[in-house]
Amino acid sequence: MIKIYNTLTKQKEELIPLNPPNIRMYMCGPTVYDYFHIGNARSFIMSDIVRRYLEYKGYNVTFVMNLTDVDDKIIKKSIEENKTSKEVAEFYINEFFKDIERLKIKRASFYPKATEFINDMIDMIKKLEQKGIAYNVDGNVFYDVTKFQDYGKLSGKNINELEAGSRVEINEEKKHPLDFALWKKAKEGEPFWESPWGKGRPGWHIECSAMSCKLLGESFDIHAGGHDLIFPHHENEIAQSEAANQKPFVKYWIHFGFLNINEEKMSKSLGNFFTAREILESYSAEAIRLFFAQAHYRGPVNFSEELIKAAEKGFEKIQNTYDRINDELKNENLPQVETDFNFNQWYEKFEQAMDDDFNTASAVATIFDFSREVNKIISEGNYNKNFLLKSKEYFDKTAEGVLGLLKSDISSNQPSLEDELIEILIKIRNEAKQNKNYTLSDKIRDELKKIGIILQDSKTGTTYKKTKK
RNA sequence: GGCGCUGUAGCCAAGUGGUCUAAGGCGGAAGUCUGCAAAACUUCUAUUCGUCGGUUCGAAUCCGACCGGCGCCUCCA
C-alpha cells in the first residue's frame, strides 16, 4: 500500500487510483524561454522517481508534462533576440529534451504544447463564461473567484483575507483583486489567436486545465509540481476545471520543495544561478539524482559544490559494487557456494521505504546496505552465479529502475579496440610486477590514470574502470 | 498581517509514542588485504535529537512557551 502526502488534505493518504491499474498523472512542465535550472531538475527528477515507482508497483501510468510555449517571458526573450516567439520556444524545447535525456528522466507519455490546444482552452473559457463565472472586459477575460465556493481549498487561503493583503496587484479591470486572466487581449506585435473575445492569447492557468482534461479526463489521479505553484497556479486550475466540469479535478496533489544555493534562494541577480547542463558538465546524472534522492522530496534542499561532490562519491560506491557484480559474471570459474541470501527481504525493505510517501532517502539507505552485504559476500567468496544474477536484478530493478542511480554495464560482450589495448597493457604490467619491476608497473598505472582509466588489483586479477563519460 | 514548513553527529540526512543507549551518505581515525596503491571489508566517530516546561509507565517523536532558520501570499520548479 502506497501512502502519499496530499497537499489538498495536508496529510498522508492511501493511494487508491480512480481506475486501477491505471494511474493518470500530470506534472507542470517548463516555460520554454531558457535552459532549465538545477531547481527545475529537482522537480523533474523527483516526479520521474514517483512515476517510475508507480510503474515498478505494476501500475499503468499515463504521465503528462506540459510545455508552456506562449507566455510573457517567451515574448520578452523573442524581442531581445529578435526572433519570433515560436522560434524561441522551439529552440528551448529542443534543448529541454537534451537535458531531460542526460538526466535520465523517462519520457512522458505526452508533452502537450500550449499552442496546440488553443481551441480546447477557448472551449473551456466559453463554458465558464456561459456559467457566469468568467467575464469579458474589452477583450480580456477574467475568472471571477467569488463565484467558486471552494476557492482557496488547496492553498488554505481565504479570499477575504487576501483582499486585505497589500501584495496583491491592483488592476482596475478586475472585479476582485484575485481574479485572474483566462484570455489576454493581444498587444501590438504579440502572438495571437482568433477567439470569441477578439485577438489574444490564453492566460497561463487555463492551459493546464484544458490540456489535462483533454489528455487525462475531467478527473484524474495525481497532479504534481513545484511548491511555489500551489498558489495561485494550482488553486486556479482547480477553480477552472471544477467550475467548468462540475467534477472533482484531481485526487492527489503533490508538491516538490525548493532548492537553495548555499542557503540562499537561487536567482540570476545573486549570481548563484545554475542550469542543469552546467552541473552536468562536472557531475554525473547519477550523482545529481542521488543528491536529490537522499532528501525527502517535500522539504527544501540546499545545493553546494561540497554536497554534490559527496553525492558523486556515494554514487561511485554503489556503482563499484554493481560493476563488480558484472565483472564477476564474466568470470568462468565462479565459486559454487550455496547461499540462503534472502532477496525478498531486501525488496520489502526498499518498498517499505518507497511506499511511505516516496521516502527515497530511506530507500537509498537500503541500497547502500544491500551494496555492503553483496561486497562482503563476494569478498568472502561465499556465492555462486545465481547469487550474482539475483543481485544484479535487484540493482536493476530498484537502484536503477526506480531511482536511476546506476550506469549500465557498458563493457558489453563486444570488447572495443580500446578495451583490448588496455588488456594488453595490463598484461605487460602484470609481467613487470612478477619481475618486481615496480617502476614500470606503477608507470603504466599512473599513465592510464591520467587518461581516466583506473586499474585495480585484486586476488582474481586486475580490473579497470573508466572515469570519463 | 495571513497560510505553511523547519531546527537530529564536523557536514548532508531518515526516523514522528516503546524494537532509538537514533538508519544511510560524505568527511575523519585505526585495522585487514596489497610490492605500493585503489577498491572492498571490519571497528570507532550523537547516552542524544534548538531551549525550557508539561502529558505519559514510557517522547527525538504529543502539548505549551520561548529562541533560531525558511518558503508562499507577485512571474517562478
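Of the 469 residues in chain A, 49% are buried. Keep in mind that this is a predicted model. The accessible surface of chain A is about 23,300 Å², and carbon and sulfur atoms account for 48% of that.

On overall dimensions, the C-alpha trace of chain A spans about 90 × 50 × 40 Å along its principal axes. The secondary structure consists of 15 helices and 15 strands. If you take the contacts between residues at least 6 apart in sequence, 76% of them join residues at least 24 apart.

A word on charge. Chain A carries 67 positive and 74 negative side chains. The centres of those two sets lie 2 Å apart.

Next, the domains. Chain A is divided into domain 1, residues 3-278, domain 2, residues 283-400, and domain 3, residues 417-466. Between the C-alpha centres of domain 1 and domain 2 the distance is 35 Å. The contact between these two involves 31 residues from domain 1 and 27 residues from domain 2.

The largest nonpolar core has 89 residues. Within this core, I38, L54 and F292 have the most contacts. Helix 1, residues 38-56, gives the most to the core, namely nine residues. Where does this core lie relative to domain 1 and domain 2? Both domains give residues to the core, so it lies between them. Apart from it there is another core, of 41 residues, which includes V70, F117, I159 and A244.

Let me stay with F292 for a moment. Which residues does F292 touch, leaving aside neighbours within four places in sequence? The list is I38, A41, R42, I45, M46, L259 and V301.

Now the backbone, for anyone checking geometry. Most residues other than glycine have a negative phi, and most peptide bonds are trans. Here are some exceptions.

Two cis peptide bonds first. One joins P20 and P21, with omega about 5°. P21 sits in the loop between strand 2, residues 11-14, and strand 3, residues 22-27. Another cis bond joins F231 and P232, and its omega is about 0°. P232 belongs to helix 7, which runs over residues 230-245.

Then positive phi. D357 has a phi near 55° and is not a glycine. F358 also has a positive phi, about 55°, and is not a glycine either. Where are they placed? D357 is in the loop between helix 11, residues 343-355, and helix 12, residues 360-380. F358 lies in the loop between helix 11 and helix 12 as well. Are D357 and F358 buried or exposed? D357 is buried, with a relative accessible area of 0%. F358 is buried too, at 2%.

How values were computed
Residues numbered from 1 in each chain as written. Chains lettered and ligands numbered in written order. Predicted model: local features only at pLDDT ≥ 70, side-chain atom pairs only at ≥ 80, totals over all residues. Heavy atoms only, no water. Helix = DSSP H or I, 4+ residues; strand = E, 2+ residues; numbered from the N terminus. Buried < 20%, exposed > 50% of the residue type's maximum accessible area, 1.4 Å probe, protein only. Contact = heavy atoms within 4.5 Å. Areas by Shrake-Rupley, 256 points an atom, 1.4 Å probe, with all protein chains shown as cover. Lys, Arg positive; Asp, Glu negative; His and termini not counted. Charge placed at Lys NZ, Arg CZ, Asp CG, Glu CD. Core = buried A, V, L, I, M, F, W, Y, C linked by side-chain atoms within 4.5 Å. Domains from an automatic or database assignment.
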